[in-house]
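Grab a pencil and work through these exercises with the structure open beside you. Try each task before you read its solution.

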Amino acid sequence: MATANGAHLFNHYSSNSRFIHFTSRNTSSKLFLTKTSHFRRPKRCFHVNNTLSEKIHHPITEQGGESDLSSFAPDAASITSSIKYHAEFTPVFSPERFELPKAFFATAQSVRDSLLINWNATYDIYEKLNMKQAYYLSMEFLQGRALLNAIGNLELTGAFAEALKNLGHNLENVASQEPDAALGNGGLGRLASCFLDSLATLNYPAWGYGLRYKYGLFKQRITKDGQEEVAEDWLEIGSPWEVVRNDVSYPIKFYGKVSTGSDGKRYWIGGEDIKAVAYDVPIPGYKTRTTISLRLWSTQVPSADFDLSAFNAGEHTKACEAQANAEKYEPSQFSVSTLPHLRTNNSCRT
């Protein structure tokens, strides 16, 4: 098994192969584990009988019996150490004080460590089994605040509350520092997030796909003139949950035209090239190790498109032309003017 929490579990089997029984609510399956040697390093292989009606549930006990996540849950002392580690070594704020905003980021990063273990193991299993995966596409994903949801799904609420108490903070006050992920403002965005939560909880192999809006949700202010809408700033100091995948990017063409070459093939010529880069957000299931991905796309401009000669000549506006054009296609620009007015069915399933 590829999980860090359970990697040591298979080192003490008395036989070279065995069946492990595991269940997922209304279904049950058996996992066949074999251990072979390759040179001097042991190689572990496993095969799962799985269909669409049999969702994967990760085996997590040494003896192959049924159990829950609490068997390997970290205690309050180890969580306290993890939070202190992130406060010091993955800082977003100055080191002098451990105030609420800093406590939130350090706590979220500590939770993300646990999610990453399950997250990587989930997709490792899908890859090894060559499983078909579902992809849910939506213009909006209204997740809400992720901290309490994540530690609740991991069944670690009590441990994190005690750890933060040891550090002089209250869990609820720390959680209140998290802004809502501004990835839309419609009811269908909330529905899309509920689908992802359900897919993870029911152990279905799936992804969510959307856009990484900077201003996808507006803040509401009540003034003497009535309601006033201002831009959301949820990404102003970054998100502790997202992981940028710099190795997952694609060129996207805007404008231009299709032309037929001398070889009879069609080519896209002209226009503007923008690079789309993936940002992944973990979506943990409830009382399961299954953690699936919400992949959000953002735009970047390659450094090669920066006109250095124009910059050196003092033509700064011309030098930054590519960056300015890229910002036109940045999801944040679309969201303020377009998404608040969408009230049609803006999602589809494949």
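**Exercise 1.** Is Leu188 buried, partly exposed or exposed?

*Solution.* Keep in mind that you're looking at a predicted model. Start with the number: Leu188 has a relative accessible area of 29%. Now bring in the cut-offs: buried means under 20%, and exposed means over 50%. To place Leu188, look in helix 6, which covers residues 187-201. Then find Glu140: it sits 48 residues away from Leu188 along the chain, yet their C-alpha atoms are separated by 7.2 Å.

**Exercise 2.** Work out where the buried residues of helix 4 lie around its axis.

*Solution.* Step one is to list them: in helix 4, residues 157-166, the buried ones are Ala159, Phe160, Ala163 and Leu164. Step two is to look down the axis, where these residues fall within an arc of 130°, so they line one face of the helix. Here's the rule behind that pattern: an α-helix has 3.6 residues a turn, so residues three or four places apart point the same way. Step three is to check the face turned away from the buried side, and there you'll find the exposed residues Gly158 and Lys165. Finally, ask what the buried residues pack against: helix 1 (76-89), helix 2 (100-129), helix 3 (147-153) and helix 5 (171-175).

**Exercise 3.** Describe how helix 1 and helix 2 pack together.

*Solution.* First take the geometry: the axes are 8 Å apart, and the packing angle is about 120°. That angle makes helix 1 oblique to helix 2. Next comes the handedness: helix 1 passes helix 2 in a right-handed crossing. Last, find who meets whom: on the helix 1 side, the residues include Ile79, Ile83 and His86, while the helix 2 side includes Ala106, Gln109 and Asp113.

**Exercise 4.** Which parts of the chain have a pLDDT under 50?

*Solution.* Begin with the whole chain: the average pLDDT is 75, and 68% of the residues score at least 70. Then go to residues 1-54, where pLDDT stays under 50 even though the model has 104 contacts beyond four places in sequence for them. Residues 333-350 are also below 50, and that stretch has 33 contacts beyond near neighbours in sequence. How should you treat such places? Where pLDDT is low, the predicted coordinates should not be read in detail.

Conventions: Residues numbered from 1 in each chain as written. Predicted model: local features only at pLDDT ≥ 70, side-chain atom pairs only at ≥ 80, totals over all residues. Heavy atoms only, no water. pLDDT = per-residue confidence, 0-100. Contact = heavy atoms within 4.5 Å. Buried < 20%, exposed > 50% of the residue type's maximum accessible area, 1.4 Å probe, protein only. Helix = DSSP H or I, 4+ residues; strand = E, 2+ residues; numbered from the N terminus. Arc of directions from axis to C-beta. Axes fitted to C-alpha atoms, helices over the stretch in contact; angles between N-to-C directions. Parallel < 35°, antiparallel > 145°, perpendicular 65-115°, else oblique. Left-handed = near helix turned anticlockwise from the far one by under 90°.
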